[in-house]
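Me: I am new to this structure and should like to go through it by question and answer. Please show it first.

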2 protein chains.
Amino acid sequence: MVERRQPIWVKDAVDKVMQWKKRGEVEWISIDDCEGLFLAEPLNADHDVPPFNRSPYDGFAIRSEDTQTASREQPLKLSVIDEIGAGQVSRKIVGENQAVRIMTGAALPAGTDAVIMLELVKEERLENHNFIWIKRRVDKDENVSFQGEDAQKGEVLLKKGTYINPGVKALLATFGYHRVPVSKKPVIGIIATGSELLKIDEPLLPGKIRNSNGYMIEAQIKRAGGSVIKYQNCADDLESLHTAVQKAMDECDAVITTGGVSVGDFDYLPEVYRRLKADILFNKIAMRPGSVTSVAVSNEKLLFGLSGNPSACYVGFELYVRPVIRYWLHSSRPFLRAGQAFLKSDFPKSNPFNRFVRSKTTFEGGTIHVHPVGLDKSSVVTSLSLADCLMVLPGGTRGYRKGDLVDVLFLDDQTGSEEPWKEKPRSSRL
Amino acid sequence: MVERRQPIWVKDAVDKVMQWKKRGEVEWISIDDCEGLFLAEPLNADHDVPPFNRSPYDGFAIRSEDTQTASREQPLKLSVIDEIGAGQVSRKIVGENQAVRIMTGAALPAGTDAVIMLELVKEERLENHNFIWIKRRVDKDENVSFQGEDAQKGEVLLKKGTYINPGVKALLATFGYHRVPVSKKPVIGIIATGSELLKIDEPLLPGKIRNSNGYMIEAQIKRAGGSVIKYQNCADDLESLHTAVQKAMDECDAVITTGGVSVGDFDYLPEVYRRLKADILFNKIAMRPGSVTSVAVSNEKLLFGLSGNPSACYVGFELYVRPVIRYWLHSSRPFLRAGQAFLKSDFPKSNPFNRFVRSKTTFEGGTIHVHPVGLDKSSVVTSLSLADCLMVLPGGTRGYRKGDLVDVLFLDDQTGSEEPWKEKPRSSRL
């Protein structure tokens, strides 16, 4: 009577979803709005950086050869023939025993090959003319920032797919990108299903709860970089669910439903997939929570059926929806950043399935530790608020002990990963 | 001739700045827009979660006492007297050898004290009535999610100052916060100074460079959570600089200038501070880069004088401006998250000053490694784009070796820290 579903591995589920990945359309937007997006084209240097040999300090531009015999005992006297600030260019050519007073960032005048810092000279004014005394030898190229030492014209400075952080924005400005190539954001529709769901501003009623999954998913979509259309909650009713999903699929680039994917009497999503003639990529995954996570494709658009259980919904999003959004944005590292960490507490319960446990990392003396947060019951919404990672506990017949090394997937991170997390061969059997 | 400034410790500089910290005005905004902000009030549970005893599975609500003798050999037959989905409440009272078909999330009917999963019963229809067969004992409370087990009414679920991540947003929705108490964002003005600065869309000219610091700082302000007003670049001219800073101080909650704080002939910020009758908190810090970072206070508003050098500007922002912005937003952890990591490469050059080196972390088998990115010349803008942390190398007479354990401050992080990074007593002398 109950439908038997065949679970697949997490890695296979991710692969199946990513076969339908798409890159978003490229648009050139104002540099003022580019933070947190990804470069959709490589960033090229249109000029050398620095664009000319320049002084990194306030001081005097000199000819190093003049200073070869300068010492405390035999100081050298140079005639100051010009003074330039940053942005100014001296029109003088510096000759023997001459110098130009120069400020940080200014171009080295013709004839000079070194800079001596202001603090290291003695200044003197004689008959309305400025001189300086130098008490040591200055080497050729001393205190010079060379043209092209940071970046050379034509160089690809950043590959496409790079996350735009403050440093990248500085580079974009340096190279005159007042418009920046990025992807249009994918529009993701959210439909929370379940007759028990109240709207956020409705009073509580017997048997009912407020919809929290829709709001949580909205925040996850925004964190991943997508745009959101949040549809009305949908009661467990086949006709209205079908209509709602069809409308959302027409209006969005991908759609997420929460709830209704299990095998209960009121789980109508499987029937909606049939009506939409959607290809079901999978409807059972060897993982906890979120084993009923289903993904279907209709008209080349992905339709994610996440569990109505808050933790399962959360995990399902991060593993399967996030990489699709980041890929769409042209990210070259669309998956969650992975690492390993030492368990901070015993986790004695065994489970035949791979578990993804909401957890929190701490750093201690160069090592990463990980603590499960709150109760490990998938219904617990409070613990989700403390999580900064998902800890992965491979399924098996034994529990885990404090000090065990386990995989973690970081949630508040912009580094990402080129590859998704994968089960290792030793993982439990399907 | 050159002004001699007295450097202070980083920790003292942070303390001096934080003496002028303020909390922003609280406003209640739509839950739709609350991501990435901080709770300005604690979040209280207005009801138990779950609000009633409910089923975590699709199955049958039963009376455990009826099942005490049930076994494979002597299965028990129960009469199904009602069927409820999530959001529905049964009006029946379940009596001896009766059951109610129940879906995930639905409230347990009166009289029942346990749930048996759908997969574990055999269903039978006899004379237009449904029955189930149970082959094992079910314990009291089995498969029941209890009222209040996640959160109890009146409980403070999250303290004020909590970062609003997707899990927090879910909690806000659960408890009916359709409006959320957050701080108005601080408005930070940016004035880039220097006659060498071109606007981003101007062609390059001899001796000139495009302003990149203003754009970088804008991205850093947004990453910290502030709003930005970007003013025209300002040439090295005392009158126009004074006018620009005065205007920005009138219009913003705090102002950042870049450049002009050193002791060169065209460094007019010190004179602007005098004209504004601003109190100078410090104008020299024992750190590299960014030793000339200056902070002044005028009319109880902070005026940050960051270096014109891109790396110094970047570091100065993260150490001194970011915590002010996060505190304003009511964050309880306004400082950069700190940790330690193992140096991935030799860093042979010694330096008497504490250095903050833009770096990149990698995770290997439970340990954190850190690599300096690019050349360590403070003018290098390209390396900033790869940094995910600042590595702190205490000043001293020796360099550092691969494998040394050093402090790191994470840049793309939402966990933060209650306390700022501080020099340890063994650090180099001022």
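Me: Which residue just after α3(A) takes a positive phi?
Reply: This is a predicted model. Just after helix α3 of chain A, the backbone takes a positive phi of about 115°. The residue with that angle is G225(A).

Me: How far apart are the end C-alpha atoms of helix α3 (residues 213-224) of chain A?
Reply: The helix has twelve residues, and at 1.5 Å a residue it should span 16 Å. The value found in the model agrees with this expectation: the end C-alpha atoms are apart by 16 Å.

Me: Which helix of chain B gives the largest share of the side that touches chain A?
Reply: The contact takes 100 residues from chain B and 101 residues from chain A. Between the two chains there are 17 residue pairs in polar contact, both at pLDDT 80 or more. On the side of chain B, the largest share is nine residues, and these come from helix α2 (residues 166-174).

Me: How many salt bridges are counted between chain B and chain A?
Reply: The two chains bury about 7,700 Å² between them, 60% of it on carbon and sulfur atoms. Charged side chains also meet there: E35(A) and K222(B) form a salt bridge at 3.0 Å, N to O. The count of salt bridges between the chains is ten.

Methods: Residues numbered from 1 in each chain as written. Chains lettered and ligands numbered in written order. Predicted model: local features only at pLDDT ≥ 70, side-chain atom pairs only at ≥ 80, totals over all residues. Heavy atoms only, no water. Contact = heavy atoms within 4.5 Å. Buried area = accessible area lost by both parts, 1.4 Å probe. Salt bridge = Lys/Arg side-chain N within 4 Å of Asp/Glu carboxyl O. Polar contact = N/O pair within 3.5 Å; in protein donor to acceptor, adjacent residues only side chain to side chain. Helix = DSSP H or I, 4+ residues; strand = E, 2+ residues; numbered from the N terminus. Expected span 1.5 Å × (residues − 1).
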